[in-house]
Amino acid sequence: MRSETAPAIRLEDYQPPVYRIEKVHLTVKLDPAETEVVATLSVARQADVQAGTPLVLDGDELSLRELKLNGEVLPDDGYTVSPGKLEIHAPPSKSFDLKITTQINPEANTKLMGLYRSSGTYCTQCEAEGFRRITYFLDRPDVLAIYTTRVEAPKTDCPVLLANGNLMEKGDIDGTDRHYALWHDPHPKPAYLFALVAGNLAQVPNRFTTASDKKVDLNIYVEHGNEGLCSWAMDSLKRSMKWDEDVFGREYDLDVFNIVAVSDFNMGAMENKGLNIFNDKYVLADPETATDQDYANIEAVIAHEYFHNWTGNRITCRDWFQLCLKEGLTVFRDQEFTSDMRSRPVKRITDVRLLKTHQFPEDAGPLAHPVRPRVYHEINNFYTATVYEKGAEVVRMLKTVLGDEGFHRGLDLYFDRHDGEATTIEAFLTCFEDTNGTDLSQFALWYEQAGTPVVSVASAYDADRQTYSLSLSQEIPPVPGQRSSKPAVIPLRFGLLGPDGKDMHATSASGINISGDVLLMEKSRHEITFSGVSSQPVLSLLRAFSAPVRIDQKFATADLQFLAARDNDPFNRWQAVQSLAMQELVRLTGTIRHGELGAPADGVVSVFGAVLNDQNLDPALKALALTLPSEADIAQEIGKNVDPDAILAARKQLRQAIARQFHGALRAAALEFAPRGDYSPDAETAGKRALSNRAAYYYAVSNTEDAAQFTWDRFSSADNMTDRLAGLMLLVHDHMPGETAALDLYLSRHEKTSLAMDKWFMVQATAPGDGTLATIKSLFSHPLYDATNPNRVRALLQSFATGNATQFARPDGAGFELVAESVLEIDKRNPQVASRLLTSFRSWRALDANRCALAESTLMKISSCEDLSRDSRDIIDRTLQ
Ligand SMILES: [Zn+2]
């Protein structure tokens, strides 16, 4: 039988639940293969619902042991049950207690959804629909209940027993080797925020005092031996708690906040109320095994999950279409946190690079969807860059449009008005309308329309009249299911630069609403005239990337060079360097495809030299400005008939040209900016390290006599993971002398550290060159490769499919085939990991004719498989649409 596509769930079909579940009392008797779950639900019929209306509860692979209603066993004709559903045909009264006993097998749960066992530790993942794998329930976010959870397990296997909320009591179970803990969460919550953990874990305690002087116990639980790797995560948590009080006025609301790190986890981390469960890569760090980027990620993810306590937990989503309500807002909040902790421009550039690399291609391909989708087949596939990162951009624009004060007024009302509720994007926006007296109906289109708007720009200067005219138009290219679009509200931060690099101020402007330095596009076309402009300005548009749009503007190279050197907006200065490099890389790619040699233009190469030699530029910003657009970015810019080999060659040409021309300065910078003394992950030191490594990246291909030795020495003498990994990447990706020795050295140093070994697999999977495919195949049987561990699978396969364009899209189709085979194999165990890997085909239609045909036949082959999971079936259907 061919796997069925799950039925479409549509926003317009939303109906409130006919029953409420007000209280849940769970007793979970843990056992590796036979865990018994006794759930007592206090159920109430909604006021406007007819008596006798059936109660239909969700299940997934459940087996029912006993069912009682108000203490009486329910007769067989009173209900029907299957692994996926429990229906009580005619509940007798307006409110009643339902006691459901089910049995589950945590050890056999390879999907890692619901209750499962990872390295001997029991843990749960219930978002989006995992709770129904624990007991029959109204598993939807608008059913909010108060949970009391009793966890029972053997004392020796599971000395630690955790659940949501506050610990009420714990003790031994008489006459057995088991004990129990009773947890109570006073805050009503949807089932997706339920969590339970039991195992033999080490506890790292700390304490936080809230603004209103409440003491909160903080704990991080990790595998024994990892206690020393939690200090950065703990420090990040305390700074997050303080920052949320200072900036958003939000205090923590339980006596305890627990974090548990587990090594088998489908996602990054999960914000369960009072009991966050983390992929251990976002908790554990020391200089020996974690890079600066890892430290920054830990800080951001710890903050993100903590911030959910208000944006997601206290106020949750009415239905899964509103996922961006909690995710977009919380990503915005964690971005702001990082900006305050570190460098705002560096954070902005980093986020925009991520958006352009992950979200823009999604928005331009077959998997495009609005920030708030209106239909889905499998909700697990909507934890996307569009919902998260574009969702955050929409919140950022709201702040830009309303101003800081207006934004915070609206948000304060949102926290007041909707605390304890499951709500919608409409309700969220209404809070800003009510507090600012403004109409946001046009702004709301950002949640409804898929695709990245393109803003086209043309300008002219009239020296006689001293006027500068600007013509702006917007359009969203067609995306699946959306042929036409309406004009969006687009806030464009801008500056008109005079010859001295300072912003000029026009005496007046017409044709658009301007507030401060923001042009507010509201129509599909604006003709704008600035008067009193004394000399020809250079336009700096979309400063700080004030809207998630593409700008289509014909720049003279001289203007870009001017902006690259002089723009006082750091983001646009970086953008100008990128645009120059991009123009040149696209040109070089074309030249190479025509079989010509070509050479990078001196004007572009010299801009990189100017950046390198600018003494006033912050090292972290300099490192970013010296980073060439990625192969994926270039492919996206080219848009169609893409040849990844030509792109790789063009990028290499430009890199070598820069390296050869400035080898002296690069070598000096690599040495000068390498921090000395004890390692510190702070932004300033990390920025210097980034610049040192960026300079070394160029120097490695400088053709100087000592380049290879210099690279090897940096790798072999590195005293921290950031430098070691940077060195390893150069040696392996540039196939330099010592490549194999470096991999061996790294392996012997880190073979016992799982997170460090993920990097070892990743480096080899992302190496360009024909040998990589064979390497990956041999790594499948490496003793440290574990196909059941999501982090390891992502390190080897996801990084190959998304970070090795020339080998994934090999002209012989072998790269596609390798990924397809892996998808099919993983799909049997863990559909979420498989379907995520499958999304790496999302840009297949942009490839050249040969690769496109190969991708299509590979995708058809996957599609013809009879037993695909719902998750993978959904992605394959949409990818082929
Ligand atoms: Zn989140």
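Me: What makes Tyr252 count as buried?

Reply: The relative accessibility of Tyr252 is 3%, and buried means under 20% relative accessible area, whereas exposed means over 50% and partly exposed lies in between (1.4 Å probe, protein chains only). The value for Tyr252 falls under the 20% limit, so the residue is called buried. The model is a predicted one, in which local features need pLDDT of at least 70 and side-chain atom pairs count only at pLDDT 80 or more, while totals for chains, interfaces and linings use all residues. Residues are numbered from 1 along each chain as its sequence is written, and side-chain values use heavy atoms, with hydrogens and water left out.

Me: Why is the pair of Tyr252 and Tyr306 called tilted?

Reply: A search of the whole structure finds 41 aromatic pairs; rings of Phe, Tyr and Trp (its six-membered ring) pair if their centres lie within 6.5 Å, and planes under 30 degrees apart count as stacked, over 60 as edge-to-face and the rest as tilted. For Tyr252 and Tyr306 the centres are 6.0 Å apart and the planes stand at 45°, so the pair is tilted.

Me: What makes this pair a tie between separate parts of the sequence?

Reply: Tyr252 belongs to the loop between helix H1 (231–248) and strand E19 (256–262), while Tyr306 belongs to helix H2, so the pair joins parts that are 54 residues apart in sequence. Helices (H or I, at least four residues) and strands (E, at least two) are DSSP runs, numbered from the N terminus. Tyr306, at 2% relative accessibility, also counts as buried.

Me: Why is the pair of Tyr697 and Tyr698 called edge-to-face?

Reply: The ring centres of Tyr697 and Tyr698 lie 5.2 Å apart with planes at 80°, so this pair is edge-to-face. Both Tyr697 and Tyr698 are buried.

Me: Which residues form one aromatic cluster?

Reply: The cluster is made up of Trp243, Phe248, Tyr252, Phe257, Tyr306, Phe307 and Phe337.

Me: What makes the arrangement around the zinc ion irregular?

Reply: The protein donors are His304 (NE2), His308 (NE2), Glu327 (OE) and Glu327 (OE), at 2.0 to 2.7 Å from the zinc ion, where donors are N, O and S atoms within 2.8 Å of the metal (3.2 Å for Na, K and Ca), and sites may look incomplete because water is not among the atoms. The 4 donor atoms subtend angles of 53 to 153°, which makes the arrangement irregular. Four donors count as tetrahedral if all angles lie between 85 and 135 degrees; four count as square planar and six as octahedral if opposite donors are over 155 degrees apart and all others between 65 and 115; anything else is irregular.

Me: How are the donor residues of the zinc ion spaced in sequence?

Reply: Their spacing is H-x3-H-x18-E. His304 in helix H2 (residues 292–307) and Glu327 in helix H3 (residues 323–341) are 23 residues apart, and the pair links distant parts of the chain. His304 is buried at a relative accessible area of 8%, and Glu327 is buried as well, at 2%.

Me: How do you know that the peptide bond from Glu127 to Ala128 is cis?

Reply: The omega of this bond from Glu127 to Ala128 is near 0°. Ala128 is placed in the loop between strand E11 (121–125) and strand E12 (145–154).
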